[in-house]
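Here is a short briefing on side-chain contacts. Look over the sequence and the model, then read on by topic.

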Amino acid sequence: MKVLAFLTILLVGSAAASQSGRRRREIKVPVPSPEQETNEPKPKASPADEPPPVTAEKNQDYRCSEDGSLARIIDVDDLGELVVAAKETDVRAVIIAKPKPSYTREARRQGVQGFVVLKVLLSARAKVGRIRVVKGLPVGLTENAIRAACKMEFKPAMKGGQAVAQWVTAEYVFRLADSSIFTP
């Protein structure tokens with residue numbers, strides 16, 4: 001019995017004390033090299049040089065600009081062209097292409113979902129005249145929907161053989177399941 005106990009202790013002890021045969025590697029931590037300081041001043045963009053970004057608000061009118069930024073329209077009543085209701089037109093405006101807006105990183109991080117409703121003035125010149133926010137979403141999703149609406153392609157409405165402007169409602173849905181972390 002003593003021999004059996006001795007063999008058990010010897011067997012368990014030798015298994016616990018054995019090594020795997022790997023050598024322990026020394027981990028070298030990289031030391032950052034000191035940056036060389038230059039006496040040249042770096043040009044800083046002052047806040048006065050750049051206008052603050054426009055944040056879209058409900059019941060406000062915006063116009064599209066060539067550089068993709070938004071501009072709020074102050075004079076709401078001055079449309080500059082004849083706007084006809086959809087019921088009064090001979091041929092309604094036909095939307096050919098409606099680009100999808102992109103998610104913002106912050107909205108994706110916060111898990112914001114929902115839809116943005118815009119009223120879009122489709123002008124007689126086949127360009128988006130102005131955009132009014134009916135329902136918006138936070139963290140830049142409304143602004144992205146407006147930018148997407150600015151890229152909308154369409155055939156203008158017709159009345160009496162003339163192209164006329166017409167208001168249409170555009171709805172943009174933001175769902176995390178439809179978005180990808182690989183697309184902007």
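**Side-chain contacts at a glance**

Glu-106 and Arg-109 form a salt bridge, with their closest N and O atoms 2.6 Å apart. A salt bridge here is a side-chain nitrogen of Lys or Arg within 4 Å of a carboxyl oxygen of Asp or Glu. The count by this rule is 3 salt bridges.

This is a predicted model, where local features need pLDDT of at least 70, side-chain atom pairs count only at pLDDT 80 or more, and totals for chains, interfaces and linings use all residues. Residues are numbered from 1 along each chain as its sequence is written, and side-chain values use heavy atoms, with hydrogens and water left out.

**The helix pair**

- Both Glu-106 and Arg-109 lie in helix H2 (residues 105–110), 3 residues apart, or about one turn of the helix. Helices (H or I, at least four residues) and strands (E, at least two) are DSSP runs, numbered from the N terminus.
- Glu-106 is partly exposed at 32% relative accessibility. Arg-109 is exposed, at 62% relative accessible area.
- The cut-offs are these: buried is under 20% relative accessible area, exposed is over 50%, and partly exposed is in between (1.4 Å probe, protein chains only).

**The Asp-61 network**

- Side chains of opposite charge can pair when their charged atoms come close.
- A network of salt bridges links Asp-61, Arg-130 and Arg-132.
- Asp-61 bridges to Arg-130, with the closest N and O atoms 3.0 Å apart. This pair links distant parts of the chain: Asp-61 is in strand S1 (residues 61–64) and Arg-130 in strand S5 (residues 128–135), 69 residues apart.
- Asp-61 also forms a salt bridge with Arg-132, at 2.6 Å from N to O.
- Asp-61 is buried, at 1% relative accessibility. Arg-130 is buried as well, at 5%. Arg-132 is partly exposed, with a relative accessible area of 21%.

**The nonpolar core**

- The largest nonpolar core has 27 residues. Such a core is a set of buried Ala, Val, Leu, Ile, Met, Phe, Trp, Tyr and Cys residues joined through side-chain atoms within 4.5 Å.
- Among the residues with the most contacts inside this core are Leu-118, Val-120, Leu-122 and Phe-174.
- Strand S4 (114–122), S5, helix H3 (141–150) and strand S9 (166–174) each give two or more residues to this core. H3 gives the largest share, 5 residues.
- Leu-122 touches residues including Ala-93, Ile-95, Met-152, Phe-154 and Val-168, not counting residues up to four places away in sequence. Contact means heavy atoms within 4.5 Å.

**Aromatic rings**

- There is 1 aromatic pair. Rings of Phe, Tyr and Trp (its six-membered ring) pair if their centres lie within 6.5 Å; planes under 30 degrees apart count as stacked, over 60 as edge-to-face and the rest as tilted.
- Tyr-103 and Phe-174 make this edge-to-face pair, at 5.6 Å centre to centre and 85° between the planes. Tyr-103 lies in the loop between strand S3 (94–97) and H2, and Phe-174 in strand S9, so the pair ties together parts 71 residues apart in sequence.
- Both Tyr-103 and Phe-174 are buried.

**Charges over rings**

- Lys-119 lies over the face of Trp-167, 5.5 Å from the ring centre.
- The charged end of Lys-135 sits over the Phe-115 ring, 4.7 Å from its centre.
- The rule asks for NZ of Lys or CZ of Arg within 6 Å of the ring centre and within 35 degrees of the ring normal.
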